[in-house]
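Please read the following note alongside the structure. The points are numbered so that each can be checked in turn.

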Amino acid sequence: MTRYNPMLLVILSLVVGFTIRWLLFKAGLIYTIRKRLRGVLDWFHTYQFLRVPEFNETMQQNQLYYKVSLYLHSLPSLEDADYTNLITGHHQNDIVLRLDTNQTIQDRFLGATLFWFNQKTEPNRTSSFVLKIKKADKHRILSHYLHHVSTVADEIQNQSNRHLRLFMNTAGGTRWRSVPFTHPATFETMAMEKDLKNKIKMDLESFLKAKQYYRKLGRAWKRSFLLYGPSGTGKSSFIAAMANFLRYDVYDVDLSEIRGDWDLKSLLTETTPKSIVVVEDLDRFLEPESQSAVTSSGIQRFMDGILSACCGEERVMVFTMNNKEYVHPNLLRPGRVDVHIHFSVCDFSAFKSLASNYLGVKEHKLFPQVEEIFRHGASLSPAEIGELMIANRNSPSRAIKSVIGALQSDGDGRMCSDVIRRRLEGDDVDEVSCGGDGFSTVKDIRKFYGFFKLRNARRTTQQSNSFARHR
Ligand SMILES: Nc1ncnc2c1ncn2[C@@H]1O[C@H](COP(=O)(O)OP(=O)(O)OP(=O)(O)O)[C@@H](O)[C@H]1O
Ligand SMILES: [Mg+2]
């Protein structure tokens with residue numbers, strides 16, 4: 001067995017320790033020297049500072065600011081910065097780097113070194129990016145560099161896997177705040193007529209490719225849709241499916257938060273291209289007794305697209321309403337609204353599609369019975385049927401029986417809250433009896449589901465979804 005000299009071991013570990021310490025010190029020293037040297041060299045150059053503010057003098061968003069932000073956050077040198085913010089990304093487990101205030105990052109372009117830093121300006125602490133460039137380089141590279149920044153930002157923006165955002169207007173203000181848009185709806189998960197779905201998909205696809213065509217016509221490259229139909233028939237889910245299909249951001253305009261036509265205007269001018277601008281429940285805001293500060297002429301101007309043409313193209317506008325009968329036809333005329341899509345209560349084919357999505361069954365022995373009930377005109381919204389299926393998802397037979405019971409009780413246009421409640425709780429209810437006042441019972445059901453809107457079209461005979469394209 002070899003015997004170690006303890007003295008030798010102590011000396012050896014001291015030498016190793018000092019070497020490591022020295023190496024670390026050297027790395028730190030080199031870094032500090034470099035930094036100081038850069039500071040000293042700066043004395044021999046004159047720099048120019050160019051500020052890219054988030055808002056212009058009329059407090060409208062500066063699109064260049066967003067391009068610069070996209071560009072800078074894609075630079076590898078962000079990782080080498082002295083300190084960087086770490087925040088969660090689009091997916092829960094993602095961690096992304098974000099520029100901190102006053103943090104400087106370096107970029108190289110055509111042999112020149114450029115510096116960017118993030119600055120907050122008092123009094124309202126709005127952000128700006130400041131570009132520091134040697135005066136000697138400015139004339140040679142600046143315009144090429146800005147073009148490069150813009151092109152890279154556009155490429156990032158156009159990436160098919162880019163993360164979508166949902167923008168909402170803030171209470172009482174004229175600003176947007178955004179959150180990641182993660183709604184999972186797709187056209188495949190929507191229960192609606194296959195032909196209609198395909199037509200809409202083709203319409204959107206041809207819109208995406210039509211930039212030159214719209215330009216040639218001298219029209220803004222936009223398309224507007226009206227989704228109308230009773231509550232719970234999938235209008236909002238359809239908007240999410242459109243956004244996921246187009247890979248567009250969503251701007252959800254809450255008219256009740258807007259203080260007047262001017263605010264609506266300035267909000268719209270702050271939306272970006274490749275986005276869906278959504279106004280839900282438009283009919284509510286057009287009623288004469290509406291408390292909204294936005295006038296119908298303000299809404300009309302927005303729909304006409306003069307505003308949308310001012311600030312970027314490639315835009316889809318979607319309006320939803322429960323009933324278009326009470327809205328003046330002029331407001332929905334071709335040109336203002338290009339495509340009208342009716343969302344109807346569930347029919348047998350939509351039921352089958354829901355059963356396939358929610359329960360995983362394509363065929364079932366109870367289907368003929370369900371079909372028969374639908375043939376007699378019973379109706380529930382896809383949302384109501386979906387809820388019953390989710391509650392009984394462990395047993396498709398039970399789920400379908402629940403739907404049958406609910407459909408039977410809805411045969412005369414009314415529903416029995418107690419039956420649906422018991423079915424959702426899993427009780428096997430075979431006999432259906434809806435006593436008492438029909439209207440208060442319907443109210444109970446709506447409260448139960450969280451629906452507070454009137455379903456005026458419930459009594460109408462079932463129609464298949466209609467796709468009335470005006471142009
Ligand atoms: N056609 C459908 N296909 C699949 N799911 C649907 C459909 N219609 C409704 N649903 C489901 O029902 C729920 C409510 O739908 P949604 O909010 O889209 O209805 P809506 O028409 O916007 O209602 P409202 O007019 O009350 O806003 C969602 O969870 C959605 O998944
Ligand atoms: Mg909705």
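1. In this predicted model, helix α11, residues 348–359, and helix α13 have axes that come within 10 Å of each other and cross at roughly 35°. Two packed helices are described by the angle between their axes and the distance between the axes. The crossing of α11 past α13 is right-handed.

2. Which residues make this contact? On the α11 side they are Ala 350, Phe 351, Leu 354, Ala 355, Tyr 358 and Leu 359. From α13 come Pro 382, Ile 385, Gly 386, Met 389 and Ile 390. By type, the contact of α11 with α13 comprises 10 nonpolar residues, 1 polar residue and no charged residue.

3. The next point concerns the ligand. Ligand 1 is surrounded by 17 residues, and the closest are Ser 231, Gly 234, Ser 236, Pro 382 and Ala 383. Two or more residues of this shell come from each of α6 (235–246) and α13 (382–391).

4. How many residues of the shell around ligand 1 are nonpolar, polar and charged? There are 7 nonpolar, 8 polar and 2 charged residues. Domain 2 (165–342) and domain 3 (348–459) each supply at least three residues to the shell.

5. Attention now turns to the sheet. Its 4 strands follow the order β1-β6-β5-β4, and the sheet is open, with antiparallel pairing. The edges are formed by β1 (47–53) and β4 (104–109), each of which pairs on one side only. On average, neighbouring strands are turned by 25° against each other, direction ignored.

6. Strands β1 and β6 run antiparallel and are joined by 7 bridges; here Gln 48 stands opposite Ile 133 of β6. Strand β5 (residues 112–121) is likewise antiparallel to β6 (residues 126–134), with 7 bridges between them. In this pairing, Asn 118 has Phe 129 of β6 as its bridge partner, Lys 120 has Ser 127, and Trp 116 stands opposite Leu 131.

7. The remaining pairing, of β4 with β5, is antiparallel and has 6 bridges. Ile 105 has Trp 116 of β5 as its bridge partner. Where does a positive phi occur in the hairpin of β4 and β5? Leu 110 takes a positive phi near 45°, in a hairpin with 2 residues between the strands.

8. Helix α2 (residues 63–72) touches β1, β4, β5 and β6, and its direction makes about 110° with that of β1. Helix α3 (residues 135–158) also touches β1, β4, β5 and β6, with its direction at about 130° to that of β6.

Technical notes:
Residues numbered from 1 in each chain as written. Chains lettered and ligands numbered in written order. Predicted model: local features only at pLDDT ≥ 70, side-chain atom pairs only at ≥ 80, totals over all residues. Near = placed C-beta within 6 Å. Nonpolar A, V, L, I, M, F, W, Y, C, P; charged D, E, K, R; others polar. Domains from an automatic or database assignment. Axes fitted to C-alpha atoms, helices over the stretch in contact; angles between N-to-C directions. Left-handed = near helix turned anticlockwise from the far one by under 90°. Contact = placed C-beta atoms within 7 Å. Pairing = 2+ DSSP bridges.
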